[in-house]
Structure formats: C-alpha cells, structure tokens
Amino acid sequence: MDVEENEYDKARRVRMPDDEWEPFLAAAKVMHPDGRSPRGRVLREFVRWYLRRPGARLPERPPAGPWSESPKE
C-alpha cells in the first residue's frame, strides 16, 4: 500500500528529543523529497508495518549521513 499525503489527517504529537527529531527530518527528506511531511510519511509506513497490515513494508532507510552521528554530549 502506497502512503498518500492526506491534508485532512489529524495532527498527532510525538515526544522525541530534538537531537533525534531534527536529524530524522533531514534523513526523511532524503528518502521523500516531495510532500508536506516526510517524517509523518515514514512514521505512517512504520506503524502500518508494525501493525502487520496487508502489504505493509518496513520503511527503507536512507544511506548514512550527518544524521547517523551520535549526538554530542
């Protein structure tokens, strides 16, 4: 099942540290350069896979990049 962007999706909140959330956006944009919400698209793909929905696949990961670095402490 292809993941479509839906302008009527209800906004959800996800708690995640900034040092993961911001790099996640950069990595998601590499995989999904078009669309209004690349992070949302990846999260929806993951949730469908996690729920074992028919035809769902684990999202493809981007190649290693600056987002792959451990956060500086």
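Trainee: So helices are DSSP runs of H or I, at least four residues each, and they're numbered from the N terminus. How many helices and strands does this protein have?
Mentor: This is a predicted model, by the way. The secondary structure comes to two helices and zero strands.

Trainee: How much of the protein is buried?
Mentor: Of its 73 residues, 18% are buried. The protein exposes about 6,600 Å², with carbon and sulfur atoms supplying 50% of that.

Trainee: Let's look at H2. Where is it, and how far apart are its ends?
Mentor: Helix H2 covers residues 38-50, and its end C-alpha atoms are 18 Å apart. That agrees with what you'd expect, because 13 residues at 1.5 Å a residue should span 18 Å.

Trainee: Which residues of H2 are buried?
Mentor: Pro 38, Arg 39, Gly 40, Arg 41, Val 42 and Glu 45 are. Part of what covers them is helix H1, residues 18-31.

Trainee: How far apart are Glu 45 and Arg 41 along the helix?
Mentor: Four residues, which is about one turn, and both lie in H2. An α-helix has 3.6 residues a turn, so residues three or four places apart point the same way.

Trainee: New topic: His 32. Where does it sit, in a helix or in a loop?
Mentor: His 32 is in the loop between H1 and H2.

Trainee: And is His 32 buried or exposed?
Mentor: His 32 counts as buried, because its relative accessibility is 13% and the cut-off for buried is under 20%.

Trainee: What does His 32 touch?
Mentor: Leaving out residues up to four places away in sequence, His 32 touches Pro 38, Arg 41, Val 42 and Glu 45.

Trainee: OK, now the outside. Which residues form the nonpolar patch on the surface?
Mentor: Phe 46, Val 47, Trp 49, Tyr 50, Leu 51 and Leu 58, with about 600 Å² of accessible area together. Phe 46 lies in helix H2.

Trainee: What happens just after H2?
Mentor: Arg 52 takes a positive phi of about 60° there, although Arg 52 is not a glycine.

Trainee: Why does Arg 52 count as exposed?
Mentor: Because its relative accessibility is 75%, and exposed means over 50%.

Trainee: Last one, Pro 71. Where is that?
Mentor: Pro 71 is in the segment after H2. With 41% relative accessibility, Pro 71 counts as partly exposed.

Trainee: How far is Pro 71 from Glu 20, along the chain and between C-alpha atoms?
Mentor: They're 51 residues apart along the chain, yet their C-alpha atoms are separated by 8.3 Å.

Trainee: What share of contacts join residues at least 24 apart?
Mentor: Taking contacts between residues at least 6 apart in sequence, 54% join residues at least 24 apart.

Note on methods. Residues are numbered from 1 along each chain as its sequence is written. This is a predicted model: local features need pLDDT of at least 70, side-chain atom pairs count only at pLDDT 80 or more; totals for chains, interfaces and linings use all residues. Side-chain values use heavy atoms; hydrogens and water are left out. The expected span of a helix is 1.5 Å times one less than its number of residues. Buried means under 20% relative accessible area, exposed over 50%, partly exposed in between (1.4 Å probe, protein chains only). Contact means heavy atoms within 4.5 Å. Patches are made of residues with over 30% relative accessible area and no salt bridge: like charges are joined within 9 Å, nonpolar side chains (Val, Leu, Ile, Met, Phe, Trp, Tyr) within 5 Å. Accessible areas come from the Shrake-Rupley method with a 1.4 Å probe; for residues, only the protein chains shown count as cover. A salt bridge is a side-chain nitrogen of Lys or Arg within 4 Å of a carboxyl oxygen of Asp or Glu.
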